[in-house]
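Let's take a friendly walk through a protein model. Keep the 3D view open as you read.

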Amino acid sequence: MALDLTTYRDVLTSHAQATGLFGTVLSHEPVSAPDSGLTAAFWVSRIGPTPTGSGLTATTARLEIMARVFEPADTEPQDSVDMDLVGAVDALLTAYSGDFEVGGNARMIDLLGAYGTALQATFGYTSFAGGTTFRIATLTIPLIINDVWGQAA
């Protein structure tokens, strides 16, 4: 079996699109400021073996996908920006908890952190060239995928 990033990324981004909350859903980390409204972006952060989840003939992988939800910090009314972000993150966490096998393509999304960092979101701010400041939520989506790399006999 090979690590099929396209499949995993497509399932995760389709869940974001299905919420109907995002004006734009990207399959990469943006290098320039997203449009106004809510934007979701997805990219790979880490790939490595999962020692306690592997067998004697094949290694199980942990693929960590990051997602970031953006909204311009100066969106009016400003009191709604955190409400928008938390609502969007809640919708994504709900979707990923409900499809924790990523459409049957992975053992699981590591919801509770059995193999490292759990499914989670952290909040902050970021800026792009041109001075636009965005309120952001960065999600860690850890996928556990069985038998990705064969081991020598």
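The accessible surface, computed by the Shrake-Rupley method with a 1.4 Å probe, comes to about 7700 Å². Carbon and sulfur atoms hold 52% of that surface.

## Overall layout

The protein has two helices and six strands, and along the sequence they follow the pattern α-β-β-β-α-β-β-β. Here helices are DSSP runs of H or I with at least four residues, and strands are runs of E with at least two, numbered from the N terminus. The C-alpha trace spans about 60 × 30 × 20 Å along its principal axes.

## How the two helices meet

Helix α1 covers residues 5-19 and helix α2 residues 81-98; their axes come within 10 Å and cross at roughly 130°. Axes are lines fitted to C-alpha atoms, over the stretch in contact, and angles run from 0 to 180 degrees between N-to-C directions.

Which residues make the contact (heavy atoms within 4.5 Å)? On α1 they are L12, H15, A16 and T19, and on α2 they are A91, L92, A95 and Y96.

## Reading notes

Residues are numbered from 1 along each chain as its sequence is written, and side-chain values use heavy atoms, leaving out hydrogens and water. Because the model is predicted, local features need pLDDT of at least 70 and side-chain atom pairs count only at pLDDT 80 or more, while totals for chains, interfaces and linings use all residues.

Methods: Contact = heavy atoms within 4.5 Å.
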